[in-house]
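I opened my notebook to go through this structure piece by piece. My entries are below, in the order I looked things up.

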Amino acid sequence: MKTRVATTWLGGCSGCHMSILDMDERLFNLADKIELVYGPLTDVKEFPENVDITLVEGSVDNVDNEEKICHVRGRTKILVSLGDCAVTGNVPSMRNQFTKDSVLQRAYVEQATLDKGIPDRMVPLLLPVVRPVHSVVKVDLFVPGCPPSADVIHFALTELLEGRMPNLTSLTRFGK
Ligand code: SF4
């Protein structure tokens with residue numbers, strides 16, 4: 001039986017998902033062992049139950065991210081923080097030195113050229129501060145890097161598929 005794997009995306013730039021795609025032809029070998037059950041690379045609308053491994057890109061920035069990661073955690077056996085935004089907050093957390101209101105004012109009023117005004121619907125409410133994933137839910141594996149390299153992601157996944165928790169300390173570093 002194939003291992004059920006999902007990927008998901010919170011406050012991130014998609015670079016970590018691009019790094020997943022950078023595994024190139026190795027994706028075909030992984031596809032023999034993995035069933036991709038959810039993520040931006042699928043058209044599945046609802047995060048499924050009984051997921052073995054979920055790779056999470058991005059930090060927890062808004063109420064939608066918070067609700068989503070709690071839902072994902074409840075349905076996932078091994079949750080992996082993929083990339084510096086998930087692991088530390090990284091780029092999105094640069095806003096933490098400002099108040100939420102001043103950030104919204106800057107983005108939607110001061111920097112806007114059209115339709116100035118802070119939206120009151122359709123845009124999820126920002127949390128007061130950006131948080132790394134593990135400060136909201138339990139994380140089982142941390143994969144630093146901005147983004148982590150395809151080699152590191154491949155190593156981590158193949159180890160997990162073999163039932164081992166990978167040791168990435170000598171393979172990863174923050175920011176690269
Ligand atoms: Fe983008 Fe880097 Fe954050 Fe990944 S860790 S989502 S590549 S900014």
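This is a predicted model: local features need pLDDT of at least 70, side-chain atom pairs count only at pLDDT 80 or more; totals for chains, interfaces and linings use all residues.

**Salt bridges, cores and the ligand shell**

I began with Arg 73, which comes out as buried, at 16% relative accessibility.

What does Arg 73 pair with? I found a salt bridge to Asp 140, with the closest N and O atoms 3.0 Å apart. The two sit in distant parts of the chain, 67 residues apart: Arg 73 is in helix H3 (residues 63-74), and Asp 140 is in the loop between strand E6 (126-131) and E7. Asp 140 is partly exposed, its relative accessible area being 22%. I also noted that Lys 138 joins Arg 73 and Asp 140 in a network of salt bridges.

**Other salt bridges**

I searched the whole structure and got ten salt bridges. I looked up two others.

Lys 77 and Asp 52 form one of them, with 2.7 Å between the closest N and O atoms. Lys 77 belongs to strand E5 and Asp 52 to strand E3, so this pair ties together parts that are 25 residues apart in sequence. Buried or exposed? I checked both partners: Lys 77 is exposed, with a relative accessible area of 56%, whereas Asp 52 counts as buried at 18%. The cut-off for buried is under 20%, so Asp 52 at 18% falls within it.

Next I looked at Asp 43 and Lys 45, whose side chains meet in a salt bridge at 2.8 Å, N to O. Here Asp 43 is exposed, with 63% relative accessible area, and Lys 45 is exposed too, at 67%.

**The nonpolar cores**

Which residues touch the most other members of the largest nonpolar core? In this set of 20 residues, I noted Met 23, Ile 53, Leu 55, Val 80, Leu 82, Leu 141 and Val 143. I then asked which elements give two or more residues to this core, and got helix H1 (15-21), strand E3 (51-57), strand E5 (76-82), strand E7 (141-143) and helix H6 (150-161). H6 gives the most, with seven residues.

Another core lies apart from this one; it has 16 residues, including Leu 10, Phe 47, Val 60 and Ala 86.

Leaving out residues up to four places away in sequence, Leu 141 touches Leu 79, Val 80, Ser 81, Ala 156, Leu 160, Met 165, Pro 166 and Leu 168.

**Around the ligand**

What surrounds the ligand? I listed Gly 12, Cys 13, Gly 15, Cys 16, Glu 57, Gly 83, Asp 84, Cys 85, Asn 90, Gly 145, Cys 146 and Pro 147. By type, this shell splits into five nonpolar, five polar and two charged residues. H1 and helix H4 (84-88) each supply at least two residues of the shell.

I followed up on Asp 84, a shell residue that lies in helix H4. Is Asp 84 buried or exposed? Asp 84 is buried, with a relative accessible area of 3%. Not counting residues up to four places away in sequence, I found that Asp 84 touches Gly 89, Asn 90, Pro 144, Gly 145, Cys 146, Phe 174 and Gly 175.

How values were computed: Residues are numbered from 1 along each chain as its sequence is written. Side-chain values use heavy atoms; hydrogens and water are left out. A nonpolar core is a set of buried Ala, Val, Leu, Ile, Met, Phe, Trp, Tyr and Cys residues joined through side-chain atoms within 4.5 Å. Buried means under 20% relative accessible area, exposed over 50%, partly exposed in between (1.4 Å probe, protein chains only). Helices (H or I, at least four residues) and strands (E, at least two) are DSSP runs, numbered from the N terminus. Contact means heavy atoms within 4.5 Å. A residue is near a molecule or strand if one of its heavy atoms lies within 4 Å of it. Ala, Val, Leu, Ile, Met, Phe, Trp, Tyr, Cys and Pro count as nonpolar, Asp, Glu, Lys and Arg as charged, and the others, Gly among them, as polar. A salt bridge is a side-chain nitrogen of Lys or Arg within 4 Å of a carboxyl oxygen of Asp or Glu.
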